[in-house]
Each structure stands twice: as structure tokens, then as C-alpha cells.
Amino acid sequence: RNFKRQFECRSDIERLNAPFLSIYESLIPTEEEKAKQKQLLTLLEKLVTKEWPEAQLYLYGSCANSFGVSKSDIDVCFAIENADLNKSDVLLKLADILQSDNLQNVQALTRARVPIVKLMDPVTGISCDICINNLLAVENTKLLRDYAQIDVRLQQLAFIVKHWAKSRGVNETYQGTLSSYAYVLMCIHFLQHCKPVILPCLQGMERTYAVTVDNVECAYFDQVEKLRDFGCRNRESIAQLVWAFFNYWAYCHDYTNDVISVRTGRIISKRSKDWTRRIRNDRHLICIEDPFETSHDLGRVVDKYSIKVLREEFKRAAEIMQYDSDPCVTLFEPY
Ligand code: GTP
Ligand code: MG
């Protein structure tokens, strides 16, 4: 029902593949940029282990999940096993250490929902956020990276969608629109549903990887090199997928009743999750289940105003993909 197409795909859609692919390619970070990110991580490791020899640093977020476009900031998780540790104290101390090593714009945000230290490295020009013990984010980073290895069309679609969302101003969680992480989950869900399917549901398969983090079990099939041919029965190209993605979110998704769930590879009901009413600030106007923290709705940031903005943007994009003479330009026009 959800993927019933509203209208037939435009007849000249294939013509749009080359321009979409070149946008995708222009967004891929260069090897030089990747090397600079590693260089910054190595510097941070050196500074951190001097003070906390037992600590470890992990990259997470888009610099490690395969969905990072060129010139992104990097996200680092500082992991330390110590039950009595006070996060604010560690962040403040960390900020001190970083500041005295000439890193710039060092700021400890101890009251944020996810407390972090921010910094900019003048040598590489890269900005970085460091959080403490956010190991679930490290796990969801691995899950996304594993999905990305199955079929390159996921990375292509997600780069285009993220680029669109940034250009159109709908990738701003503090303004009630969605995070990059939410958009990537929307892309994975979409490719788990198109016919024939392009992606499997890794959490529904034999468990070859399992860890428990903060009492949450993260388990799934991670031998993704065995799944390289998984989506080959579906020959749709990037332009068709972009068209169908926006068409789905503009006209086919049931915002009243449905939750998208990468964990189950299905659409599940808001009722089954008790996400039918507003509780405090969580309104559940668009529901995207976190694959591991299943009580967590990545759409919780969306409010009654921003849901309209989002749905209008999905419709605008779908219309452009259907009728515009130059979608590769119009789609990304600044709002
Ligand atoms: P860009 O920085 O926009 O390129 O993308 P990003 O994937 O790095 O997104 P962002 O900086 O918003 O988030 C960084 C990472 O934090 C994500 O990739 C997730 O691993 C994690 N994350 C973000 N939001 C949430 C959330 O609401 N819940 C959980 N569990 N993890 C999140
Ligand atoms: Mg990031």
C-alpha cells in the first residue's frame, strides 16, 4: 500500500542519472581529507591517553558511517570504563588539555542533551565534537556502515537526500527538522521496501555480531561482504530511486499511523509503540524508530509547524522530480 505510486515515473528519468551521479561524486570526501581526519584523531588520542591511559577514542557519525560528505565535521566518542566518573568534570578537564595544545574554539557544552567538547584544529582545518561514552552511537555507526557496503545505491541516495536537506534547510534538529542520521534511516528503510528489494533487514538475519551497550542488545548479521549481490534483481538507477523516495514521503507514507522501522525491515504501527499521543515534547508526527534504542523516535524533534515544512518540502521535491526540466539544479536551490 505504501509504495503504490501516485503517478507513473517521468519517461525521461534515465537522462537524469548522469547529473545525479556527478553530484554524488562531487560530494565524496577526498583521500587527502580522510588522511587529515586520521591525523586529527591521532593527535587527540595522544593527548587523551596521556591523562587517561585506559581511555579509547572512536570515530562515529558521518566520518565513520560512509555517509559523510566532503568537508564535514568529525564526531569522536571518548570511551572510559569508570562508574564514578562525572561527565562534566571529564569534559571540562578535556577542554583544558585541548586548549593548552593550541586547538582552537575549544568549548565544553556540559548542559547539552549530549554533552560534548567542541574544537577546531588549525592544522587540518577540521572541526570536531567529542562526547563521552556514547557507545550506542558507535554501534549505530557500524550498522549504517555495514548497510552501505551492501549496495552502492544506498550511499548515492543518502548523499543526494542529505545534500537536498541541507540546501533546503530541513536538516536542523534545533528547528524541528530531521538529523542526518534520521535521513539515512529513511533511505535504508526505503531500499528495504522497494520492489524487488535492494537491502535486506540485517537485524532480522542470523546474528554474527552481538554486543550489549547500556543494557541495549545490538545484534545483527554483519558479514555483509556475502550480500554484495543482494539487490541485483532491482535495476533501478539513482534518478528513479530519488524520484520514488520523495514520492513516497510526499504522497504514500501514512503519517497518522505508521512508524518506519529498519530494525524489523517493516512498517509498524504507532499504536504498537504507544506513540499515538503527545507525551511532554514528544509528538510523534513523523516516526522513525532507532534500530537499537527502540523507544527512541528520531522524529521526536518535529513539531506541528516543522511537520508542515517537511511535508511541503517532500512534495516540492517530488514535483520537481516529476516535472522540472532541470531537477538537478532546482532540487537543491537554497530556500
Ligand atoms: P552530518 O554531521 O550531518 O554529516 O551527519 P552525522 O551522521 O554525523 O549526523 P550527526 O552529526 O547529527 O550525528 C552523529 C551521530 O550521532 C549519528 O551518526 C548517530 O550515530 C548519532 N546520533 C545522532 N542522533 C542520534 C539520536 O537521536 N540517537 C542516537 N542513538 N544516535 C544519534
Ligand atoms: Mg556529524
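A residue counts as buried if 20 or more other C-beta atoms, placed from the backbone, lie within 10 Å of its own, as exposed if 12 or fewer do, and as partly exposed in between. Helices (H or I, at least four residues) and strands (E, at least two) are DSSP runs, numbered from the N terminus.

What you're looking at is a predicted model, where local features need pLDDT of at least 70, side-chain atom pairs count only at pLDDT 80 or more, and totals for chains, interfaces and linings use all residues. Residues are numbered from 1 along each chain as its sequence is written, while chains are lettered from A and ligands numbered from 1 in the order in which they are written.

Let's start with helix H9. Its end C-alpha atoms are 25 Å apart, which agrees with the 26 Å that 18 residues should span at 1.5 Å a residue (the expected span takes 1.5 Å times one less than the number of residues). Leu-310, Glu-313, Phe-314, Ala-317, Ala-318, Ile-320 and Met-321 are buried in H9. They sit on the same side of H9, because their arc around the axis is only 160°, going by the directions from the helix axis to the C-beta atoms. Over on the other side, Lys-308 and Tyr-323 are exposed.

| Strand | Residues |
|---|---|
| S6 | 209-213 |
| S7 | 216-220 |

S6 and S7 run antiparallel, joined by five bridges (strands pair if DSSP finds at least two bridges between them). Val-213 has Val-216 of S7 as its bridge partner. Two residues lie between the strands, and Asp-214 takes a positive phi near 50° in this hairpin.
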